[in-house]
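Please read this note with the model open beside it. The points follow a set of annotated positions and then the surroundings of the ligand.

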Amino acid sequence: MGFKIAVAGATGNVGREMLNILSERGFPADEVVALASSRSVGTEVSYGDKTLKVSNLETYDFSNTDICLMSAGGAVSLKYSPKIGQQGCVVIDNSSAWRYDAEVPLIVPEVNPDAISGFTKKNIIANPNCSTAQLVVALKPLHERATIKRVVVSTYQSVSGAGKDGMDELFNQTRAVFVADPIESKKFTKRIAFNVIPHIDVFMEDGYTKEEWKVLAETKKMLDPKIKLTCTAVRVPVFIGHSESVNIEFEKEITADEAREILREAPGCLVVDKRENGGYVTPYECAGEDATYISRIREDATVENGLNLWVVSDNLRKGAALNAVQIAELLVNRGLIKPRSQAA
Ligand code: A2P
């Protein structure tokens, strides 16, 4: 017998992708339940070739559900995840609400799978920030080989990272530019169509944004607390796919050729690095794909043992839904969870 899985936030960008990926990868689920707010009750969402009717998260009883994939924002997760966990259902949460809690493992299966065993304290597992997930997939194999000292990352993040409303705003503003309508900005602080905005999430006291802080804190938690990292996070007018310019300083010597070979073999990575026109990946091409693509691998001659990389991935997949489903698969494959229906 298989598992009973709930997807909370099933009407959102990431929730819909979670349902797609569960079906695509043939996750061993006997039953999948779609949950969202009371506003969406009765709405239909797709799960493979099936259609699911959305139920209300607020009134749903989790006592027979094995895993809840949650992507309904931090406030909703803070309110519901502890109660769901107490009912014996493991929450895999896509928000930032639990990521920095010492009793909650933060997992990218290619990077720190063994940390998952700590999930039993709260029955909650956190999924990282979209920018961090693809970054650590690329950094991990290089860190193992040459020990990373410092990383400078600049992100080029698509509007889907800001949810359905972010995608609608880019679409509506782009149309408004062409028909010379007034431009309305609600989701973003400035116009996003034909523009870039160096501001994602709230400002912190030191002048960094919370998004930039998350990349630092999460890389330290998952990969190595000794790594120094500084980040500039920028929203760009791309629908799907986050890109990152990554500058890395290592303790040991490593050439671009060595790094390319290591990354070619590394789990989750796909190297596309021809030093010619078009010999690199752009976010448009990675939408709908699972890999973290790495291009433009080259040595940085301005520091000792330095490399530059261009890292691109589908933020709704590896940055969110795919990673969450991979965490669920890790729980199942390691025998850390059994279908509750079998215990009855
Ligand atoms: P709903 O569509 O009913 O508002 P996105 O990040 O793409 O905007 O998606 C957010 C997801 O989180 C949606 O599925 C949304 O459902 C869900 N959500 C938001 N607020 C709540 C809530 N209070 N209870 C349950 N689900 C919620």
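**Notes on the annotated site and the ligand shell**

1. G12 is buried, because 23 other C-beta atoms lie within 10 Å and a count of 20 or more is enough for that class. The model is predicted, and this count is computed from it.

2. Leaving aside residues up to four places away in sequence, G12 is in contact with S71, G163 and K164.

3. R39 lies in another setting: the loop between β2 (29-36) and β3 (44-47). Is R39 buried or exposed? R39 counts as exposed because it has 9 C-beta neighbours inside 10 Å, and the limit for that class is 12 or fewer.

4. Both residues belong to a "binding site" annotation in an unreviewed UniProt entry, which covers T11, G12, N13, V14, R39, S40, S160, G161, P182 and N315. These positions span 305 residues of sequence and are also spread in space, with up to 30.5 Å between C-alpha atoms.

5. Which residues come nearest to the ligand? Of the 17 residues around the ligand, they are G12, S37, S40, A72 and G163. G12 and S40 are also among the positions in the UniProt annotation.

6. Two helices, α1 and α4 (163-179), each supply at least two residues of the shell around the ligand. The largest share comes from α4, with three residues.

7. By class, the shell around the ligand holds nine polar, five nonpolar and three charged residues.

Technical notes: Residues are numbered from 1 along each chain as its sequence is written. This is a predicted model: local features need pLDDT of at least 70, side-chain atom pairs count only at pLDDT 80 or more; totals for chains, interfaces and linings use all residues. UniProt positions are given in the numbering used here, feature names are shortened, and annotations may be inferred rather than shown by experiment. Two residues are in contact if their C-beta atoms, placed from the backbone, lie within 7 Å. Helices (H or I, at least four residues) and strands (E, at least two) are DSSP runs, numbered from the N terminus. A residue is near a molecule or strand if its C-beta atom, placed from the backbone, lies within 6 Å of it. Ala, Val, Leu, Ile, Met, Phe, Trp, Tyr, Cys and Pro count as nonpolar, Asp, Glu, Lys and Arg as charged, and the others, Gly among them, as polar.
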